[in-house]
Amino acid sequence: MKRSVKLLMALFAAATLAACSTTEPAEETTDTTVQQDDATNAEAEALARQRAAEEAERQRIAALLENTTIYFDFDSDAIRSGDMELLEVHAKHIQATGKKVVLEGHADERGTPEYNLALGERRAKSVAQLMRTYGVSASQIEVISFGEESPANPGHTEQAWQENRRVEIKYQ
Amino acid sequence: MKHICKKLMILCIGLMAYSAQAEVQIYITEGRDDARPVAVLPFKFESASEVKISPPHNFSQIIADDLERSGKFKPVDISDLPQNPSDITEVDIDAWKELGVDGVVYGVVKETAPGKYMVSYDLIDPYNDKAVMESNIASGSYPLVDQSFHLMVLKTKLVNDDNFRWAAHIAADEIYEALTGERGAFATQIAYVQVDRLAEKPYELNVADSDGFNQTKIFSSKQPIMSPTWSPDANKLAYVSFENGRSEIFIQTIATGQRELIASFKGFNSAPAWSPDGTKMAMVLSKDGNPEIYVMDLATKSLKRLTRHYAIDTEPSWNPDGKSLIFTSDRGGKPQIYRVSLAGGDAERVTFEGRYNAGAEFAPDGKTIVMVHQSNGNFHVAAQDIETGNLTVLTTTSLDESLSVAPNSSMIIFSTVDGRQKVLSAVSMDGRFKARLPANVGEVKAPAWSPFIL
């Protein structure tokens with residue numbers, strides 16, 4: 001029950017995000033009969049604005065794609081709402097390029113190593129599941145858990161633990 | 001005076017010879033105030049040549065250190081000893097009674113040929129003059145003196161340079177058993193993973209004697225190594241290695257180094273645990289979608305699935321009777337310990353105290369399970385009595401994990417964080433004795449105490 005609610009929520013979030021980020025197709029035709037300077041200027045401005053917006057969006061996505069790590073709460077595989085957009089961008093990119101990814105699940109050192117190995121896999125699978133709802137094919141995703149064996153930060157502080165509770169998206 | 005000087009010199013040179021360090025050192029951090037006083041006297045050394053003035057290791061010191069590390073004994077300072085006999089006929093029983101020690105150990109190391117020794121050692125109980133039956137003394141197996149009635153251990157053994165330390169651990173086991181009635185676990189080994197992030201191969205699986213000496217490298221890798229565990233005959237280790245990019249289970253024969261990949265299923269392969277009879281191995285595989293407990297027949301490699309649940313099921317540990325296993329599951333929302341019969345059927349919950357109980361291990365005596373227990377945000381070693389269900393937290397350290405119980409069920413070794421370092425630690429089953437085992441290099445974790453080694 002808990003699982004299906006989570007899945008529904010993820011689907012809803014995915015749908016909402018998809019609706020928000022849909023951009024209108026660019027105007028391709030220009031008026032060839034009237035050659036008014038004002039109109040041309042306005043049109044050029046609109047085009048420039050649109051190009052700038054597109055460029056900004058492209059840059060935003062490129063910047064998001066640079067970010068390949070998402071973080072989790074202790075003993076949890078729930079994806080934080082703030083990471084939904086990032087995962088959608090990656091999912092769209094994976095889908096568009098046909099690339100393959102390895103989702104590496106990790107845990108902090110608290111609790112036991114073997115349980116944490118399972119927890120790391122569960123986190124990576126949670127990301128994989130969301131990516132599939134965004135349309136990524138299962139064959140493009142491989143899930144590997146490292147548990148607590150490969151910390152990003154070898155320290156033993158709250159800060160280190162947060163950095164270690166993660167899934168890394170590794171493009172192949 | 002001249003005599004004392006010579007003795008001192010010998011002692012000094014002797015100490016220099018013994019200065020070889022253990023890779024993992026052991027510091028007692030919390031002793032028991034009821035530890036029993038014993039006297040372990042420096043053994044007399046008889047050399048075969050003029051050149052050699054000390055044996056390869058200090059036999060009596062190894063015994064004294066072992067006894068002290070059990071938490072049950074407090075060896076008396078050598079300077080406080082009233083006499084230094086090397087033979088039963090020289091023992092002054094009243095002097096030891098006056099000192100108030102529960103046992104006196106003395107002996108002789110006699111070099112019979114280069115690198116070969118005859119070691120004789122005795123244990124006497126000053127208060128018990130009926131330890132040996134009159135008939136035994138009459139039969140000639142004990143010297144015909146009054147002191148012989150106090151003998152609890154009387155041994156003579158042939159050893160060499162290579163098994164010298166081991167022979168001392170066996171002697172400590174004999175003495176421990178005579179004094180406590182419980183089998184000693186000093187002549188045992190510990191397997192552990194050592195991590196030195198700066199090394200070319202940062203992950204090393206090592207085996208050392210129970211006192212941290214004689215470290216031997218079993219396997220090293222650029223990728224993580226997890227969950228080492230001993231075969232019941234102590235000849236093999238099973239462990240998880242990421243050498244092929246993900247977790248797989250290997251079995252390695254210690255003497256030959258021969259390795260066998262036994263679980264490389266889709267998903268992860270983890271948490272190997274040998275059945276008490278050595279024919280089967282419990283393991284955790286996520287090949288069917290999520291982590292489940294399986295039992296593999298090691299001869300046929302056939303698998304039997306024991307759990308069916310969408311939750312995490314992991315960390316199986318065999319009941320010493322071989323008929324059931326305990327494991328960790330978060331099927332109730334948070335990790336707790338459950339028990340399942342090898343024959344199948346529903347799992348029953350075993351732990352109820354606290355929000356997080358994981359990594360449980362059966363003590364070999366089958367009376368207690370030990371586990372990682374979270375309280376106030378910290379992860380401690382806890383023991384639960386099987387019969388009463390009472391749970392006792394044994395440690396005050398906060399990041400304890402990877403528990404392993406000594407084969408005589410007296411002590412738990414585990415991994416924890418001390419300051420900024422992952423170190424091994426040990427705690428007695430009642431929590432009253434604690435020791436820390438830091439490594440000379442890097443971090444140590446995932447300790448596994450060997451079974452009794454015959």
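Q: Where does D77(A) lie?
A: D77(A) is in the loop between β1 (69–71) and α3 of chain A. Helices (H or I, at least four residues) and strands (E, at least two) are DSSP runs, numbered from the N terminus.

Q: What am I looking at, and how is it numbered?
A: This is a predicted model: local features need pLDDT of at least 70, side-chain atom pairs count only at pLDDT 80 or more, and totals for chains, interfaces and linings use all residues. Residues are numbered from 1 along each chain as its sequence is written, while chains are lettered from A and ligands numbered from 1 in the order in which they are written.

Q: Back to D77(A). Buried or exposed?
A: D77(A) is buried, with 21 other C-beta atoms within 10 Å. The cut-offs: buried means 20 or more other C-beta atoms within 10 Å of a residue's own, exposed means 12 or fewer, and partly exposed is in between, with C-beta atoms placed from the backbone.

Q: Which residues does D77(A) touch?
A: F72(A), R122(A), R123(A) and S126(A), leaving out residues up to four places away in sequence. Contact here means C-beta atoms, placed from the backbone, within 7 Å.

Q: And how far is D77(A) from N153(A)?
A: Their C-alpha atoms are separated by 20 Å, and the two residues are 76 residues apart along the chain.

Q: What about α3(A)? Which of its residues are buried?
A: L87(A), E88(A), V89(A), H90(A), A91(A) and I94(A). The helix covers residues 84–97 of chain A.

Q: What should the 14 residues of that helix span?
A: 20 Å at 1.5 Å a residue, and the end C-alpha atoms are 20 Å apart, which agrees. The expected span is 1.5 Å times one less than the number of residues.

Q: What follows α3(A)?
A: G98(A), with a positive phi near 70°.

Q: Now α4(A). How many of its residues are buried?
A: 18 of the 21, so α4(A) is largely enclosed by the rest of the structure. It runs over residues 113–133 of chain A.

Q: Which stretch of chain A does UniProt list as "domain: OmpA-like"?
A: Residues 59–172, in an unreviewed entry. UniProt positions are in the numbering used here, feature names are shortened, and annotations may be inferred rather than shown by experiment. That span is 44% helix and 19% strand, and its end C-alpha atoms lie 22 Å apart.

Q: Switching to chain B. How many helices and strands?
A: Five helices and 31 strands. The C-alpha atoms fill a box of roughly 75 × 50 × 45 Å along the principal axes. Of its 454 residues, 45% count as buried.

Q: Which strands form a sheet with β19 of chain B?
A: The open sheet has four strands, in the order β19-β20-β21-β22 (chain B), with antiparallel pairing. Strands pair if DSSP finds at least two bridges between them. β19 and β22 (348–349) of chain B are at the edges, each with a single partner strand, so one side of each lacks a neighbour in the sheet.

Q: What is the bridge partner of R339(B) in β22(B)?
A: E348(B). Two bridges join β21 (residues 336–341) of chain B to β22(B).

Methods:
Contact = placed C-beta atoms within 7 Å.
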